[in-house]
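The sequence and the structure come first.

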Amino acid sequence: MYKYLTVFLLLFTLAACNEADNMYSSAYCRFTFNTTIYPSSALTRSVASGGGDFCIVKAVYKNGVPHLLLTPNRGTYAATDLDLTMNTAISGERISYASMGYRQGLVIGRSTYGQLRCYDLTCPNCDNIPELQWSKQNATDLQCTKCQRTYNIDGEYGYVKEGDQGHALTQYRNVRYTPDNGLLIVSNP
């Protein structure tokens, strides 16, 4: 009897670990941002905050020059802190903004508890195609305009808060911010 109980507990534990692993993206991602170059940007303030601040980070090209378009979940910013021209090498390397998640967009910031998080900007329940937007009702909720699900990103998992149940938001496991040198790095795998 104990043998069967042990096997059951082992299978339950493996299933729980597998479910937790499914919330992390398997897509290639390599994003590096130097906060010392843009000290007042919405992204810098989001990762340096004590918690509750997030920023949508979208890579676009304007006249062949990469830009990061930032949309914070709260706060007032100058236009120059929301549209960053990225024509500077960081740590001697050029950054490929094509490697920023499924559609060149991320949501980066800190939960109210202070944990650094990075989510993909696409809806995991709509084949990672539509981009999410900030909800007008709550500053730490993202909404899909296609399926109308609302996701809460304030906790740890980006769960579906409103709408049909489904997958939680896709997270990136390797998110690091080092205040000493100002580097924010999101990488996967």
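A contact is a pair of residues with heavy atoms within 4.5 Å of each other. In the protein chain, residues 24 or more positions apart account for 54% of the contacts with a separation of 6 or more. The model is predicted, so local features need pLDDT of at least 70 and side-chain atom pairs count only at pLDDT 80 or more, while totals for chains, interfaces and linings use all residues. Residues are numbered from 1 along each chain as its sequence is written, and side-chain values use heavy atoms, with hydrogens and water left out.

**Overall make-up**

The protein chain has 2 helices and 12 strands; these are DSSP runs numbered from the N terminus, with H or I over at least four residues for helices and E over at least two for strands. Read from the N terminus, the order of elements is α-β-α-β-β-β-β-β-β-β-β-β-β-β. Of the 189 residues, 47% count as buried (buried is under 20% relative accessible area, exposed is over 50%, partly exposed is in between, with a 1.4 Å probe and protein chains only). The accessible surface comes to about 10,200 Å², and carbon and sulfur atoms hold 52% of that surface. Accessible areas come from the Shrake-Rupley method with a 1.4 Å probe; for residues, only the protein chains shown count as cover.

**Strand pairing**

Two strands pair if DSSP finds at least two bridges between them. An open sheet of 3 strands has the order S1-S12-S11, with antiparallel pairing. Strand S1 (29–34) and S11 stand at the edges with a single partner strand each, so one side of each is left without a neighbour in the sheet. On average, neighbouring strands of this sheet are turned by 5 degrees against each other, direction ignored (axes are lines fitted to C-alpha atoms, for helices over the stretch in contact, and angles run from 0 to 180 degrees between N-to-C directions).

Within this sheet, cysteine 29 stands opposite asparagine 188 in S12. Threonine 178 lies in S11 (residues 174–178) and is partly exposed, with a relative accessible area of 35%. Its C-alpha is 9.6 Å from that of threonine 35, although 143 residues separate threonine 178 and threonine 35 in sequence.

| Strand pair | Bridges |
|---|---|
| S1 and S12 | 6 bridges |
| S2 and S5 | 5 bridges |
| S2 and S3 | 8 bridges |

Valine 57 stands opposite leucine 106 in S5, and alanine 59 has leucine 68 in S3 as its bridge partner. S2 and S3 form a hairpin with 2 residues between them, and asparagine 63 in the turn has a positive phi of about 55 degrees.

**Nonpolar cores and aromatic pairs**

A nonpolar core is a set of buried Ala, Val, Leu, Ile, Met, Phe, Trp, Tyr and Cys residues joined through side-chain atoms within 4.5 Å. The largest has 27 residues, and Phe31, Phe33 and Leu184 are among those with the most contacts inside it. Elements that each supply at least two residues of this core include S1, helix H2 (42–48), S11 and S12. A second, separate core of 15 residues includes Ile56, Val107, Leu121 and Trp134.

Rings of Phe, Tyr and Trp (its six-membered ring) pair if their centres lie within 6.5 Å; planes under 30 degrees apart count as stacked, over 60 as edge-to-face and the rest as tilted. The structure holds 2 aromatic pairs. Phenylalanine 31 and phenylalanine 33 have ring centres 6.4 Å apart and planes at 10 degrees, so the pair is stacked. Phenylalanine 33 and tyrosine 38 are also stacked, at 5.7 Å centre to centre with 20 degrees between the planes. Phenylalanine 31 and phenylalanine 33 are both buried, and tyrosine 38 is buried too.
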